Amino acid sequence: MASQTKAEILARHDANAALKTPLPGQITRHAKDLGADGVFSPLDERIIAAASEALEAGQTHYVDVPGIEPLREAIADYLNTSFSAPCQSGNIIVTAGLQESRFLTIQKIGENFDSIGIPAVAHPGLQKALGVRARNVVSLAVDPHRGYLPALDAIADAVAGGCRLLYLESPSRLSGAAYTSDEVAAIGQLLGESGASAIWDQGLAPWVEGGCRSLASTEESPAQVTAIGEAFPGMGLASWFIGYIAAPDDQIPAMQSQKQIMAICTSTAAQYAALEASSLFPAAHPPRLAQLKRLKSYIAESARDLNLDAIAGDALNIIALQASGGAAAKLRAAGFDCADGADFGAPAVIRLNVNTTTAEALQALR
Amino acid sequence: MSKKKAQGTNLLYQLIGEARSYDDVIIMGRGDPDFDTPAHIVAAAKNAMVNHHADYTPPEGLLALREAIAERVKRVNNIDVDPVTEVVVTNGGQEALFLMVLAVLSPGDEMIVPEPNYNTYADSLAFAGGVKVEVQTYAETDFRADPADVAAAITDRSRALLLVSPNNPAASVISPPDMQAMLDIAISKDLIILADDIYDLFVYDDFEHVSPASLPGGKERTLTLNALSKAYSMTGWRLGWIVGPADMMARVKELKAAISGGASVISQHAGIAALTGPQDAVEMMAEAYRRRRRLVLDALDAMGMKYGLPQGGQFVFADIGFTGMDSGEVAQRILTEQHVLAYPGSAFSKDRKDYLRMTFLQPEDQLIEGLERMKVAMLNMMAER
C-alpha cells in the first residue's frame, strides 16, 4: 500500500525549489572541470606528515565542538593578520567546509531576525541553506556593472525597510568582484548606524592580490559582523572540507550548540592537516597568487581575442563571462564543466576556474 | 546575576568541559571508546593523503564507500540497498540523525519517541519544528518499548516513529517480535520509521538486533542510520551514513548538500578500509566491552544499585533515586568531588532525574576506580540527607 505520509513529504520536497538549487562543483573533478571556485593544489608532504602523526598518536577521538584550540588560534591569527579582524580563538568555530559555515550562520543568526537580506545574485549554496528552513528573504538588487555585487543603495534601502541582517559576499562568488575599501567602510557605517548585522562571506578574499577589506575589520561595526570562509585555501585541502566562522562573542554559543547537534565536531584529521597548512600558507600562497595572476591575464587576453565579454573581477582564481544562453551546454559538449550563472541568479553569465585549460575552454565559446 | 541552568545537550557539554580540567578524571559519560582507531585504518588514511587527497566527492559520498556500506548493511542488517541511489554518507551518526529528522518532519508534525532517548533527537526535532510525543518505558521491564503504548500515542499529526535499538541511554534492544509489531503499527498508521542502528554490533547475552528495514514492507518507509564511530573507534573521523528508499534518499541527499556538502575525503577512504579490511579489531573491542559490562554490572550489584539490564550498547542506565537528589546534581557532585564523569538521566528525559548513564568505554582498572569514587560521592550525599 502506498504511503500517503511519504507522498506528502515528497510533494513538499518537490515544491521546495530553494533546496533543490543545483550547486557548482565544490572540488575539481578532472582537468577540464572549471566549475569549482577552489584552486587545485598538491598536498605538501609536511601536511601529510603532520596529519599522519596526529592520527598515529591517537588523535582519532571526538575533539572540542568549535575545533582544536591551536587551529582556532591559527585561524584567528590569520584573520587578524590578513583582514585586521580583531578576533580571538574563542570567536572561531571550525566547520566541515564553507557550506556548513553558510548553513550555521544563516540558520542560527537568522533566528534572531525577522528577515535576511541576500544578494539577488549569490552562490547557490545560500539558497540551498535557506531551503532547509525557510526565512523571510529581502532580495538585494545587484549591479551588473560592479560584478553583480549588491549596490550600496540597495543595501541602504533594505536596512531602511527594516531588514537588520544582511548576507554579503566579497569577493562575489560569481564574478570575483570585491567591494572597495571605501565601500566596505560605507557598509560598515550603515550597519553601525542602524544596528544591523551581517554575515560576510570572504572565502575568495585570499585570491585577491593585495587582499581586500573585510567588513569584520571596519571600526564602525566590529561587533555586528560574522565572517565565513574556507580555511587556508589552495593548500590541497579542498576535498577535506574545512572552513571557519568568525563571530562576535554573543553569536558563538548558539552556533556552537547547533554544530554539536549537527556533527559534534569537525574531522580531526582535517583539523590537524589544516593546522599544519596554517604555518605553510604565508610562504606558499604568494607564489600561487602570482601564478594565477599570469594565468588570468592570459585567459582575459584570450577572451578579448575571441570577443568574449569578461566581467571585471578581483579574485584571481575565477573568471566570469557574459555569455548567451546555452554557453554552459556548449562547454559541456566540448568536455568542459563550468559554473552556470543561472544557478547564481544571473542566467547570462558563466564562471570558469582559472587554470591551464581555461583558455582552451574559451575556444568552445567562439 | 544568576547563571542559566544548562539542560539537555548543553548540560552534557558543560560537564565535559569541567571534566577536562581534572588531570585524574575518569570518563564514564561520553560515548567515545577508549581504543584508538585500528592501525590499518590509520594507514589507509595516510595512503589516501598521498594518493587521493584531492579526489572529487559528491555530497552523497564516494561510490566506493557507498558500495562498502551497501555490502555492510546487507551482511549485518539484511537490508538491500542500491549504493548509487539509496546510500548517503554523512559527517558521523550525529549528522545522519539530524538529516533523518529534517527529511521527514515538518513544523507541527509529531514523532513518536520511546523514552528515555538520545537528547540530540529532541534538539533536531526542535530545529525542524516537530513535536516529540513520548512513550514511557520502565526499568522494571528493562526499558522495553511496548508496541501497545506506541500505538496508543499516535494522533492524526503523527508522521514518524523513532526506533533506536539498542537504545541510548537505556541500552534496551527491541526484540524481533516487538520490531515486527512496531512495523505493523507504522504500516497501519502510515508512519515513517527513523531507525538508529548505531549500536547494532553491541548486543549481549541472547538478545537479538533486527533492523526494521529488513522486514517485509519495512524498507520503503524506513530511513536507517549508522556510523563507524562506535564499532571502529572512529569518533573523530566523523563518518556515518543513512540508507533508505531511493525516493526519500533523494531528499536526504539534497539536505546533505545544503547543510555541509561532502564528507572529508580522507575520512571516507579510512571508512572504506574499515568496512572492507580485517575485522579482528572490531571483535577484540566488542569482547572487551562484554567483559567490562559484566564488571560494571557486578560492581553495581555489589553496591546494591538498580538498573535496567543493558541488553546492548556501551552503557548502563542506573537508578540513583536512593540519593534523593536530581541526577544533574548527582552528576555534578560526582564530577566535582570525585572527578568521575557520568551523564545525568535528566539530560536524556525530563522524567529520568533519578538515573545516571555510565559508559564502559574505559579500561577495567579505570572502571573499578571510577565506580569506587562514585560510591564514595553517593555515600556522602546520603549521609547529608
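**Close-up views of a predicted model**

**View 1. Contacts between the two domains of chain A.** In domain 1 of chain A, 40 residues are in contact with 41 residues of domain 2 of chain A. The model shown here and in the other views is predicted. Domain 1 of chain A is made of two stretches, 4–43 and 281–365, while domain 2 covers 61–279. Taken over C-alpha atoms, the centres of these two domains of chain A are 21 Å apart.

**View 2. Area buried between the domains of chain A.** About 3,200 Å² is buried between domain 1 of chain A and domain 2 of chain A, and 64% of this area lies on carbon and sulfur atoms. On the side of domain 1 of chain A, the residues that lose the most area to domain 2 are F281(A), D314(A) and F344(A). Together these three account for 21% of what that side buries.

**View 3. A salt bridge in chain A.** D37(A) and R173(A) meet through their side chains in a salt bridge, with 3.1 Å from N to O. Across the interface of domain 1 and domain 2 of chain A, two salt bridges are found.

**View 4. Contacts between the two domains of chain B.** Chain B is divided into domain 1, with the stretches 8–30 and 281–384, and domain 2, with residues 39–276. The centres of the two domains of chain B, taken over C-alpha atoms, are separated by 26 Å. Here 27 residues of domain 1 of chain B are in contact with 33 residues of domain 2 of chain B.

**View 5. Area buried between the domains of chain B.** Domain 1 of chain B and domain 2 of chain B bury about 2,600 Å² between them, with 53% given by carbon and sulfur atoms. Q311(B), F348(B) and R352(B) supply 26% of the area that domain 1 of chain B buries against domain 2 of chain B.

**View 6. A salt bridge in chain B.** The side chains of R293(B) and D205(B) form a salt bridge, at 3.0 Å from N to O. Between domain 1 of chain B and domain 2 of chain B, the interface is crossed by two salt bridges.

**View 7. A nonpolar surface patch on chain B.** F322(B), L379(B) and M382(B) make a nonpolar surface patch of about 250 Å². Within chain B, F322(B) sits in the loop between strand 10 (315–319) and helix 11 (327–338). F322(B) counts as partly exposed because its relative accessibility is 30%.

Key. Residues are numbered from 1 along each chain as its sequence is written. Chains are lettered from A and ligands numbered from 1 in the order in which they are written. This is a predicted model: local features need pLDDT of at least 70, side-chain atom pairs count only at pLDDT 80 or more; totals for chains, interfaces and linings use all residues. Side-chain values use heavy atoms; hydrogens and water are left out. Patches are made of residues with over 30% relative accessible area and no salt bridge: like charges are joined within 9 Å, nonpolar side chains (Val, Leu, Ile, Met, Phe, Trp, Tyr) within 5 Å. Accessible areas come from the Shrake-Rupley method with a 1.4 Å probe; for residues, only the protein chains shown count as cover. A salt bridge is a side-chain nitrogen of Lys or Arg within 4 Å of a carboxyl oxygen of Asp or Glu. Helices (H or I, at least four residues) and strands (E, at least two) are DSSP runs, numbered from the N terminus. Buried means under 20% relative accessible area, exposed over 50%, partly exposed in between (1.4 Å probe, protein chains only). Domain bounds come from an automatic or database domain assignment. Contact means heavy atoms within 4.5 Å. Buried area is the accessible area (1.4 Å probe) that two parts lose on being put together, summed over both.
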